[in-house]
Amino acid sequence: MALTKQYLKSKPVVKVTFTLPAEAVEKSEKVTLVGEFNGWNPKEAVALKKQKDGSFKASLDLVPGKEYQFRYLLDNEIWANDWEADKYVPAGVNAEENSVVVL
């Protein structure tokens with residue numbers, strides 16, 4: 001898993017690319033990104049596109065100077081964190097944690 005951040009000079013946004021490697025996805029066919037940037041609404045989740053190497057990837061333009069909690073949703077059933085997130089915070093549900101990207 002990886003988070004790639006590109007600070008754009010032409011716009012006040014950071015292009016963040018979220019990548020979930022093939023070994024983290026296992027046999028999942030659908031991977032989406034859910035978080036504070038879409039109100040934690042799975043119906044408004046960002047679909048990650050499957051790459052030739054079996055990984056999944058998507059990019060979002062986010063506001064710099066903020067932190068965003070997020071998680072991946074595999075096949076609309078399994079929640080997963082990003083192994084290389086900037087940090088983790090308690091999700092408030094059981095002992096779960098959310099991944100965080102810091103911009």
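A salt bridge is a side-chain nitrogen of Lys or Arg within 4 Å of a carboxyl oxygen of Asp or Glu. The predicted model shown in these views holds four salt bridges.

**Figure 1. Salt bridge between Asp61 and Lys11.** The closest N and O atoms of Asp61 and Lys11 are 4.0 Å apart. Asp61 belongs to strand β6 (residues 56-62) and Lys11 to the loop between β1 (2-7) and β2, so the pair ties together parts that are 50 residues apart in sequence. Asp61 is partly exposed at 44% relative accessibility, and Lys11 is partly exposed at 43%.

**Figure 2. Salt bridge between Glu67 and Lys87.** Here the closest N and O atoms are 2.9 Å apart. Because Glu67 lies in strand β7 and Lys87 in strand β9 (residues 87-90), the pair ties together parts that are 20 residues apart in sequence. Glu67 has a relative accessible area of 41% and is partly exposed; Lys87, at 33%, also counts as partly exposed.

**Figure 3. Salt bridge between Arg71 and Glu96.** The N to O distance between these side chains is 3.0 Å. Arg71 is in strand β7, whereas Glu96 is in the loop between β9 and β10 (97-102), and the pair links distant parts of the chain, 25 residues apart. Arg71 counts as buried at 8% relative accessibility, while Glu96 is partly exposed at 36%.

**Figure 4. Edge-to-face pair of Phe18 and Phe70.** The count of aromatic pairs comes to four. In the pair formed by Phe18 and Phe70, the ring centres are 5.0 Å apart and the planes stand at 75°. Phe18 in strand β2 (residues 14-20) and Phe70 in strand β7 (residues 67-74) are 52 residues apart, so that the pair links distant parts of the chain. Phe18 is buried, with a relative accessible area of 0%, and Phe70 is likewise buried at 0%.

**Figure 5. Tilted pair of Phe37 and Tyr68.** The ring centres lie 6.2 Å apart and the planes meet at 50°, so the pair is tilted. Phe37, in the loop between β3 (31-35) and β4 (46-47), and Tyr68, in strand β7, are 31 residues apart. Phe37 is partly exposed at 22% relative accessibility, whereas Tyr68 is buried at 9%. Phe18, Phe37, Tyr68, Phe70 and Tyr72 form one aromatic cluster.

Figure 6. Thr17 counts as buried at 15% relative accessibility. The side chains of Thr17 and Ser59 make a polar contact of 2.8 Å. Beyond its neighbours within four places in sequence, Thr17 is in contact with residues including Ala2, Leu3, Thr4 and Lys57.

Notes: Residues are numbered from 1 along each chain as its sequence is written. This is a predicted model: local features need pLDDT of at least 70, side-chain atom pairs count only at pLDDT 80 or more; totals for chains, interfaces and linings use all residues. Side-chain values use heavy atoms; hydrogens and water are left out. Rings of Phe, Tyr and Trp (its six-membered ring) pair if their centres lie within 6.5 Å; planes under 30 degrees apart count as stacked, over 60 as edge-to-face and the rest as tilted. Helices (H or I, at least four residues) and strands (E, at least two) are DSSP runs, numbered from the N terminus. Buried means under 20% relative accessible area, exposed over 50%, partly exposed in between (1.4 Å probe, protein chains only). A polar contact is a pair of N or O atoms within 3.5 Å; within protein, one must be able to donate a hydrogen and the other to accept it, and residues adjacent in sequence count only if both atoms are side-chain atoms. Contact means heavy atoms within 4.5 Å.
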